[in-house]
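Please look over the model below before reading my points. They are meant for someone new to it.

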Amino acid sequence: MAGSGERARHWQYAELPGVDLLRARYVRKTFVRHTHENFVIAAIAEGVEVFHHGGGDQYAGAGAVALVNPDTPHTGRAGVPEGWRYGAVYPSPELVSEIAAETTALRGTPGFVSPVLDDPRTVALVHQVLRAADEGDALAADTLLRVAVTRLLRLNGGPLPRREVRTAGARTAARARAVLEERMAAPPTLERLASDLGTSPFALLRAFRDVYGMPPHTWLTDARVRRARRLLDAGTAPAETALAVGFADQPHLNRHFARIVGVPPGAYQRERQGVREREDVHERKDVRER
């Protein structure tokens with residue numbers, strides 16, 4: 001890959017509701033363990049990405065698609081010195097379920113079976129979706145996205161396993177998660193949380209990791225970034241957002257946000273504001289034409 005600079009754009013296209021879009025080239029970038037509310041469909045154009053998923057490292061090279069189901073812990077880093085270049089779409093679970101019901105025979109909640117699929121055709125489709133979104137071609141963007149998701153579900157789809165909370169440890173972990181969500185800006189210590197739930201710190205740590213794939217403090221950082229995204233989407237300033245979700249200040253938000261989302265919160269919000277401004281222009285135009 002020519003050059004050594006890293007670059008990324010994380011945005012939305014108003015005509016693809018519920019879908020995040022990313023185009024990036026990373027060399028030294030490292031994504032910490034995190035999850036997404038949406039599916040991840042990352043089409044590798046050059047280089048190699050390595051991501052820890054399901055207990056082991058997965059390697060996705062040029063012509064492969066990296067696939068992560070919602071709420072699945074994973075990481076991300078370069079697998080070769082020159083890094084990797086890719087485009088990604090993040091469709092909502094609702095959209096994927098709609099496409100699966102219309103175009104496949106899958107039953108239950110659909111998802112992807114293997115985290116890596118070598119399929120240059122889908123890689124090309126994902127990059128075509130991003131190009132169409134860039135060019136404002138709504139018909140092409142929507143069509144190509146649905147074709148890509150359908151292809152992936154037919155090649156690599158299956159029903160997602162249901163997460164049952166049956167054991168006492170799993171129930172304790174779920175209660176701990178609820179407390180952390182409620183007290184995100186001022187969470188208790190592990191010892192206090194465990195005491196309040198009637199267990200020991202290490203028992204809680206083991207149970208939480210078994211259920212959610214990460215320790216409570218890592219999960220909390222991930223949850224804070226998720227909530228920060230919603231606040232930034234609503235127009236809240238990054239500095240105010242940082243304090244609202246429990247980070248000490250904006251630099252702390254910047255660091256954690258970039259290590260999970262891939263871009264700083266300011267750049268993320270500017271793209272969202274651009275979408276809203278374009279929507280407002282279209283709405284005013286529609287009103288004038290009526």
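The points below cover a cavity, a loop residue and a helix.

1. Basis. This is a predicted model: local features need pLDDT of at least 70, side-chain atom pairs count only at pLDDT 80 or more, and totals for chains, interfaces and linings use all residues. Residues are numbered from 1 along each chain as its sequence is written, and side-chain values use heavy atoms, leaving out hydrogens and water.

2. Cavity. There is one cavity of 30 Å³ or more (a set of points on a 1 Å grid over the protein atoms alone where a 1.4 Å probe fits but cannot get out; lining residues have an atom within 4 Å of a point). The lining has 17 residues, with Val40, Glu49, His74, Tyr86 and Tyr90 nearest the centre. E4 gives the most, with four residues. By class, 11 are nonpolar, five polar and one charged.

3. Thr35. This residue sits in the loop between strand E3 (30-34) and strand E4 (40-53) (strands are DSSP runs of at least two residues, helices of at least four). Thr35 counts as buried because its relative accessibility is 9% (buried is under 20%, with a 1.4 Å probe and protein chains only). Its side chain makes polar contacts with the side chains of Asp222 (2.5 Å) and Arg226 (2.6 Å) (N or O atoms within 3.5 Å, one able to donate a hydrogen and the other to accept it).

4. Helix H9. Residues 250-261 form this helix of 12 residues. Leu253, His256, Phe257, Ala258, Ile260 and Val261 are buried in H9. Gly262 follows H9, with a positive phi near 105°. H9 also supplies at least two residues of the lining of the largest cavity.

Methods. Expected span 1.5 Å × (residues − 1). Buried < 20%, exposed > 50% of the residue type's maximum accessible area, 1.4 Å probe, protein only. 1 Å grid on protein atoms, 1.4 Å probe; cavity = no way out; pocket = protein on both sides within 12 Å on 5 of 7 lines; lining within 4 Å. Points joined across faces, edges and corners; volume = space filled by probe spheres on them. Nonpolar A, V, L, I, M, F, W, Y, C, P; charged D, E, K, R; others polar.
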